[in-house]
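Subject: Two-chain model, with notes

Hello,

I am passing on the structure we talked about.

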Amino acid sequence: MSRYLARRGFLALFVIFGVTLITFVISHVVPADPVVAYLGDHAPPDLVVKVRAQLGLDRPLPEQYVIYLGGLIHGQLGVSIMDQRPVSTDIAEYLPATIELSTFAMLFAILIGIPTGVVSALHKDRWPDQFSRIFALGGVTLPVFYVALLLLGVFYFALGILPGPGQLSTYTAPPPRITGMVAVDAVLAGNWWAFGDALRHLVLPSFVLGYASAGLITRMSRSSLLEVMRQDYVRTARAKGVRERRVVIRHGLRNALLPTVTVIGLTYGSLLSGAVLTETIFSWPGIGRYATNSVTSVDVPAVLGVTLVIAIIYSLANLVVDVLYAYLDPQIRYT
Amino acid sequence: MRRLVVGMVVGLLVALVWGGTPGRSAPVYGPQQTIVVANDISDAVSLDPQLAYEFASTIADHWMYATLVQFPVGDLTHVRPEVAQSWDVSKDAKTYTFHLRHGIKFSSGNTLTAADVIYTFERVVNLPKDPASWLITQMGIDAKNVDQSVTAPDPYTIVIALPEAFSPGAFLSIMANPVVGIVDSKTVKAHVTNGDWGSAWLNDHSAGSGPYELVAWTRLVSIELTANLNYNLGPAPSIKRVVWPNIMESTVQRDALFRGDADIAEGLSASQLASLKGNPRFTVMQTPDLSMTYLGMDVKNVPAFTKVQVLQAVKWAIDYDGIIKDLLAGNGIPLQGVIPKGLFGYDPSLPYHHDPARAKALLQEAGFPNGFTADLLAGTGQAAGGISAGDLAAKIKDDLGQVGITANIRQVASDQMYSTYRAQKTQMVLANWSVDYPDPDDFAKPFGDYTQKSLAWRLQWYNDPLAKLVDEAGSMQNTPQRSALYKQINNTETMEGPFAMLYQPMVSLAVSDRVQGLRFDPVNGIDFATLVKK
């Protein structure tokens, strides 16, 4: 197993190197000027020339790439042009909020996806199945910003039972920053008011993201449960007189969950790469918004830094899912 | 397993209910003394007053850092004393002597002296990668000569000797700009790291003598100010806490306003503002912004635009009323000169109106009876006044199409659009120009003087007589002679210039009825010092 992990890690390095090279090339081919984006349109041409030199952007491309790689090896991701701060500081500030949101969104996705899939499978082709499938379809097809604005309109604007945008209300003192995840920091500081407020603020954005991601989980658990319920050992369990609920959960679902775990892992990886529309609407200070801002202002160091981090997250997610699979299914062994 | 899940759900519900009661907050000030302004503050890059150049950051710095002089809210034509109680101007208008008030306190408790003003100027010209520095360097002050240009013969006198002639009106209005917001030199010097002039520290702390100081700036989340308890430049404001939560989506800003989570919303769209107009709980306050949206025409890249009749034909083809009434829903006012309403030199005359027949006749006269084709470059985001740039471009295309001019719209990300425009590579371009400092020179120069390598230069319109006129008008104070020169400049621009001015947008605030006595203008923003909350 450890050899397998080492080999996977080594391959991941190649992937990451390739990703940075492609991103670097693309960022410099785009016909937008990061210096003008940073200075603003009123900047006189001589100021643009001066600042371009100060940023080191007037050097030949291969030299810029080598300088960047050199910094990377020392663990430095460069300085963001639009922020004038180290990219690593930016990512450390925004990634925890995304981790917090993605984790809760994943919980919602599982809470929505698996029961819907199970109901669908057990009542195949009858109305609970149709209803669940349409519900799951809604999550996949309805635009995320539409669902977000709709739910905000109902639960915040009209009913006022859930709070509006942001991680905390204006009148709640934020807890001291330890992990960067507001709910976690509130617990660590023992500030239960802030914890409750943070949780209430998490409900809508996590639900929106979770609903958008649940569709795939529903489909996967439905189809794999259908497959498993046809197996001989399920028939045997029923024949032995085991209660139907136990048959479904202990014998059916437990085995059907295996492929679903793959989907869950990959969905989590994709959520962690940021959800810019949800973050924009709910004013969530996550990595998605940062990534989009850096792309639109051609902030090359930030784009490279974010791409790198997302590539690492995806590689890790893939690896974890593969290892988990081996752990859950004794028939699978890696060498 | 089931019991675990049920237990978790119950625990979550308990926490939600428990947390649902109003929280105890650490800040001392409650809703009566707090103003919450919903806006998109994600553009802020730095709160260092010498570096800040974006809307959100300059407004916050305006309230934390006092300047030598300031514009009273609502009157942008004459500065009044602030840190300087009086000043003398030399006959050649190159030397200014400011007499500082005694005993002004910074938020730290330190006293403001001339040394702080000198340090402020040193920072402007020395800080690297400074987008705001050109406001000062355009006057000829730079890192090499700042020690001779800005001097202090005694602790309460500042002498600024400009190396070259510069418009006195422009100079004084730049002295009111946050770029020279005076910093507490003792405090800032104590927090310099790696030769950064204290810039990094100023992103999380303030060191000014304005009515407010910084509590925190959490990027993409909020900017929060609290009353500066050492403020003695004026009466203490009744509002002790100002919060700008970052709300980027206008629908969500409106939701927050309706729920009472925000007192003022700054970014509502034209149609959202229109829908508020009947509602007794809210007031829509509007004032013309010091900016304009225009259609630029490159006089070399498109052969047709070398003919003045074609430029005029385009200006006759545009349906100005349709844009303002239908697209903007009244969120803009007509403007056809280069100086917006609110500034000295503004010309209210509107020589053009929607007349397609006249436009066609002019095109015929110029030798284009069947019209011509050109690319129209536009951004992908919002045009000023709360409408989408794409919608405005489509309207222009339609108007031009009716007189035989085919406009092929190319919408690109705004940074790409500006790169192309700045490289003199456009054919037609839909853009906006907004104020840096409230002097007519700030508009006349870019639109009229191609030697500045600004807007006129970008469209390759090299008009030497006009450039001379702009330079001459720039060197004058606000006298009837100056007014006459700007009338001439406006006339030349409307008759011969490659800029078809479309409208002057309104700055619109949606204000809750809990807020009383609100005043604002496009340069100072909302006047937090005088407003009161019920």
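The notes below take chain A, then the interface, then chain B.

This is a predicted model: local features need pLDDT of at least 70, side-chain atom pairs count only at pLDDT 80 or more, and totals for chains, interfaces and linings use all residues. Residues are numbered from 1 along each chain as its sequence is written, while chains are lettered from A and ligands numbered from 1 in the order in which they are written.

Chain A

Chain A has 14 helices and zero strands; helices (H or I, at least four residues) and strands (E, at least two) are DSSP runs, numbered from the N terminus. The C-alpha atoms of chain A fill a box of roughly 85 × 55 × 40 Å along the principal axes. Of its 335 residues, 44% count as buried. Here a residue is buried if 20 or more other C-beta atoms lie within 10 Å of its own, exposed if 12 or fewer, and partly exposed in between, with C-beta atoms placed from the backbone. Of the contacts in chain A with a separation of 6 or more, 70% come from residues 24 or more positions apart. Two residues are in contact if their C-beta atoms, placed from the backbone, lie within 7 Å.

Helix α9 (residues 192-229) of chain A needs a separate note. Of the 38 residues of α9(A), 31 are buried.

Interface

In the contact between the chains, 52 residues of chain A meet 43 residues of chain B. On the chain A side, the elements that give two or more residues are α2 (34-39), α3 (45-54), α7 (144-158), α9, α12 (276-281) and α13 (287-296). α9(A) gives the most, with eight residues.

Chain B

Chain B comes to 18 helices and 24 strands, and its C-alpha trace spans about 75 × 75 × 45 Å along its principal axes. Of the 534 residues of chain B, 52% count as buried.

Strand β13 (residues 291-297) of chain B has six of its seven residues buried. It pairs with strand β19 (residues 428-434) of chain B in the antiparallel sense over seven bridges; two strands pair if DSSP finds at least two bridges between them. Ser291(B) has Ser434(B) as its bridge partner in β19(B). Strand β20 (residues 499-512) of chain B also runs antiparallel to β13(B), joined by four bridges, and there Thr293(B) is partnered by Tyr503(B).

In helix α17 (residues 464-474) of chain B, Leu466(B), Val470(B), Ala473(B) and Gly474(B) are buried. They lie on the same side of α17(B) because they cover an arc of only 100 degrees around the axis, the arc being that of the directions from the helix axis to the C-beta atoms. The face turned away from the buried side of α17(B) carries the exposed residues Asp464(B) and Pro465(B). The cover over the buried residues of α17(B) includes α6 (168-174), α15 (441-448) and α18 (480-496) of chain B.

Regards
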